[in-house]
Amino acid sequence: FNATSAEDRAGLAALAGATGTTWASRDLACTSYWEPKPGERCVGSALDHLLVGGAPRRVTAAGPCQTEGCGERQACPLFHRRVSDHCPVVADL
């Protein structure tokens, strides 16, 4: 799922509760990079989410989210423009 707002995140929490699933990616600091307008600073965003049955052993955001971090930066990682603004989200079930 993609969640872009507090309302979206509340909906995911409600869906997880209603379906008995675990919101596995809830605590990830970021799963993508967001540059609102060209020339503005790039920020990490927790956009991509997983709901799974049971409890995953581990959930990570790979790629630049893991190696570059999620903090605000002057420019997004090169990955952002050449591959995707999303980082792979990996769940070890």
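Guide: One term comes first: a residue is buried when its relative accessible area is under 20%, exposed when that area is over 50%, and partly exposed in between, using a 1.4 Å probe and protein chains only. The model is predicted, so local features need pLDDT of at least 70, side-chain atom pairs count only at pLDDT 80 or more, and totals for chains, interfaces and linings use all residues. Residues are numbered from 1 along each chain as its sequence is written, and side-chain values use heavy atoms, with hydrogens and water left out.

Now to the disulfides. A disulfide here is a pair of cysteine sulfur atoms within 2.5 Å, and the structure holds three of them. Counting the bonded cysteines along the chain, the pattern is 1-4, 2-5, 3-6.

Cys-30 is joined to Cys-70, with 2.1 Å from S to S. The link of Cys-30 and Cys-70 is left-handed, with -75° about the S-S bond. Cys-30 sits in the loop between β1 (22–23) and β2, and Cys-70 in the loop between α2 and α3, so this pair ties together parts 40 residues apart in sequence. Cys-30 is buried at 2% relative accessible area, whereas Cys-70 is partly exposed at 25%.

Another disulfide joins Cys-42 to Cys-76, with 1.9 Å from S to S. The torsion about its S-S bond is about 100°, so the disulfide of Cys-42 and Cys-76 is right-handed. Distant parts of the chain are linked here: Cys-42 belongs to the loop between β2 and β3, Cys-76 to the loop between α2 and α3, and the two are 34 residues apart. Cys-42 is buried, with a relative accessibility of 0%, and Cys-76 is buried, with a relative accessible area of 13%.

The remaining disulfide is formed by Cys-65 and Cys-87, whose sulfur atoms are 2.1 Å apart. A torsion of about 80° about the S-S bond makes the disulfide of Cys-65 and Cys-87 right-handed. Cys-65 lies in helix α2 and Cys-87 in the loop between α3 and β6, so parts 22 residues apart in sequence are tied together. Cys-65 is buried at 7%, and Cys-87 is buried at 5%.

In soluble globular proteins, nonpolar side chains tend to be buried together.

A contact means heavy atoms within 4.5 Å. Not counting residues up to four places away in sequence, Val-59 touches Ala-24, Ser-25, Leu-28, Val-89, Val-90 and Ala-91. Thr-60 lies in strand β5 and is buried at 18% relative accessibility. Leaving aside neighbours within four places in sequence, Thr-60 is in contact with Leu-28, Pro-88, Val-89 and Val-90.

Salt bridges complete the surroundings. A salt bridge is a side-chain nitrogen of Lys or Arg within 4 Å of a carboxyl oxygen of Asp or Glu, and a search of the whole structure finds three. In one of them, Glu-72 pairs with Arg-41, the closest N and O atoms being 2.6 Å apart. Glu-72 lies in the loop between α2 (64–67) and α3 (78–82), and Arg-41 in the loop between β2 (32–34) and β3 (43–45), so parts 31 residues apart in sequence are tied together. Arg-41 is partly exposed, at 37% relative accessible area.

Glu-68 forms a salt bridge with Arg-73, the closest N and O atoms being 2.9 Å apart. Glu-68 is partly exposed at 44%, while Arg-73 is buried at 19%. Asp-92 forms a salt bridge with Arg-57, with the closest N and O atoms 3.5 Å apart.

Note on methods: Helix = DSSP H or I, 4+ residues; strand = E, 2+ residues; numbered from the N terminus.
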